[in-house]
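The paragraphs below go through the structure sheet by sheet and then turn to single residues. Please keep the sequence and the model in view while reading.

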Amino acid sequence: MGMSDAPALAGVHHLKLPVTDLARSSEWYRSRLGYELWAEMVEQGQLMGIALAHPNGGPPLALRLDPERALSAAGFDYFAIGVPDKEAIDELASRLTSQGEQHAGVHRASIGWILPLLHDPDGHEVRFYTQQHHTEPEPGHVATIHDPRETAERHERATT
């Protein structure tokens, strides 16, 4: 299927996560990542969801009150939020550490740098990945990455 055959799309409109406590999650995304409240979804008089906007490039985020789904979804990294470059991801890691958040630190990944294992109050893994790459895949070529975590860790050990 050639590129001209593909439907027109425009990036990610927003991310949505199920949560057990809207106020707690809203405060976490605001204090840890700088999100701002944008809208509230009230259904039959009850606050059921909130929309958060980010003032500096983060994707729009919706939080939906759905405790059962929040519990079953905990621990999985459904998305990775882009960070411009290595310097910005290092600054983010330092900010999170200074706020007492546990995470795995910044590591070399297959094509960029990754900051994994940050968890929100419901245990959703929030990952960050740099838009800046250290390796460019060959254009028009499908890259096969064997054992991505092990390969990146080997390379990281060899260069530190």
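Strands pair here if DSSP finds at least two bridges between them; strands (E, at least two residues) and helices (H or I, at least four) are DSSP runs, numbered from the N terminus. β1 pairs with β4 (residues 61-65) in the parallel sense over five bridges, and Leu 15 has Leu 61 in β4 as its bridge partner.

The model is predicted: local features need pLDDT of at least 70 and side-chain atom pairs count only at pLDDT 80 or more, while totals for chains, interfaces and linings use all residues. Residues are numbered from 1 along each chain as its sequence is written, and side-chain values use heavy atoms, with hydrogens and water left out.

Another open sheet of four strands runs β5-β8-β7-β6, again with mixed pairing. β5 (80-83) and β6 stand at its edges with a single partner strand each, so one side of each has no neighbour in the sheet. β5 runs parallel to β8 (residues 125-130), and four bridges join them; Val 83 stands opposite Thr 130 in β8. Helix α1 (residues 22-33) packs on this sheet, where α1 touches β7 (113-119) and β8, and its direction makes about 25° with that of β8. Contact means heavy atoms within 4.5 Å. Axes are lines fitted to C-alpha atoms, for helices over the stretch in contact, and angles run from 0 to 180 degrees between N-to-C directions.

Helix α3 lies across β5, β7 and β8, at about 20° to β7. The 13 residues of α3 should span 18 Å at 1.5 Å a residue, and the end C-alpha atoms are 18 Å apart, which agrees; the expected span is 1.5 Å times one less than the number of residues. Ile 89, Leu 92, Ala 93 and Leu 96 of α3 are buried. They lie on the same side of α3, because they cover an arc of only 100° around the axis, the arc being that of the directions from the helix axis to the C-beta atoms. The cover over the buried residues of α3 includes α1, β5, β7 and β8. Glu 87 and Ser 98, on the other side of α3, are exposed. Buried means under 20% relative accessible area, exposed over 50%, and partly exposed in between (1.4 Å probe, protein chains only). Thr 97 in α3 counts as partly exposed because its relative accessibility is 48%. The side chain of Thr 97 reaches the backbone oxygen of Ala 93 at 2.9 Å.

Just after α3, Gly 100 takes a positive phi of about 80°. Glu 101 lies in the loop between α3 (86-98) and β6 (107-108). Why does Glu 101 count as buried? Its relative accessibility is 14%. The Glu 101 side chain makes polar contacts with the side chains of Trp 28 at 2.9 Å and Arg 32 at 2.6 Å. A polar contact is a pair of N or O atoms within 3.5 Å; within protein, one must be able to donate a hydrogen and the other to accept it, and residues adjacent in sequence count only if both atoms are side-chain atoms.
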